[in-house]
Amino acid sequence: MMHSTTMYHRNHLAAFALAALAAACGGNAADPMVAEFATMPADQIMEGVEFSSTTAGVRSSKVLADTAYLYEDSTVMHLRGVDLEMYDATGKRTAHLTSLSGVYDQATQKMVAKGTVVLVIIGDGRRIESEELHYDPQSRRIWSDVQTRMTEADGNVTTAASFNADDQFNNIQFQNARGRVRERIEF
């Protein structure tokens, strides 16, 4: 399910916008608004986007984004201003993620969050921060191949070169970890 408050179709609106702006500006097609619209970075741009992913009929994630850029020749959506909720196999909310941007593949439901990524685990308050985080709702796996910092609810901090976890955060594996970590975490 996808909901958007605004959708721009490049080809149809371009002609209308150009004509309307040219008429309003006394025929000046060099107006900055016209130039910006003509160089739009996608075939479709949606604002205020909300959609959910499901696994075996149960919601596994809900994504909100300020803006989504879509291309006719791709199933990938480029998102700006990402707010992602993750759910377990029973539909219970398990984590909340925010990032500056993201890439969502509509065919596989996989997502890569990029830029100031913050993931908070609901059950125990752990906070994971990274510049890039991958999420695959089908395999229920979350990982990062870049430096990651995890802060426990008690304030203990672990920094690692990368990490891999299930979406329940019961099995977390770090590479080159530094800091104090809980016993149940694997290296």
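**Ground rules.** I number residues from 1 along each chain as its sequence is written. For this predicted model, local features need pLDDT of at least 70 and side-chain atom pairs count only at pLDDT 80 or more, while totals for chains, interfaces and linings use all residues; side-chain values use heavy atoms, with hydrogens and water left out.

**Entry one: aromatic pairs.** I looked for rings of Phe, Tyr and Trp (its six-membered ring) with centres within 6.5 Å, calling planes under 30 degrees apart stacked, over 60 edge-to-face and the rest tilted. I found two aromatic pairs. F51 and Y104 have ring centres 4.5 Å apart and planes at 50°, so I noted a tilted pair. F51 lies in strand β3 and Y104 in strand β6, 53 residues apart. (A strand is a DSSP run of E, at least two residues, numbered from the N terminus.)

Buried or exposed: which is F51? With 3% relative accessibility, F51 is buried, and Y104 is buried too, at 5%. (Buried means under 20% relative accessible area, exposed over 50%, partly exposed in between, using a 1.4 Å probe and protein chains only.)

My other pair is F163 with F174, also tilted, because the planes are at 40°, with centres 6.3 Å apart. F163 sits in strand β12 and F174 in strand β13; both are buried.

**Entry two: a charge over a ring.** I saw the charged end of R141 over the ring of W143, 3.8 Å from its centre. (The rule wants NZ of Lys or CZ of Arg within 6 Å of the ring centre and within 35 degrees of the ring normal.)

I located S61 in strand β4, buried at 2% relative accessible area. Leaving aside neighbours within four places in sequence, its contacts (heavy atoms within 4.5 Å) include F51, L84 and Y135.

Note on methods: Helices (H or I, at least four residues) and strands (E, at least two) are DSSP runs, numbered from the N terminus.
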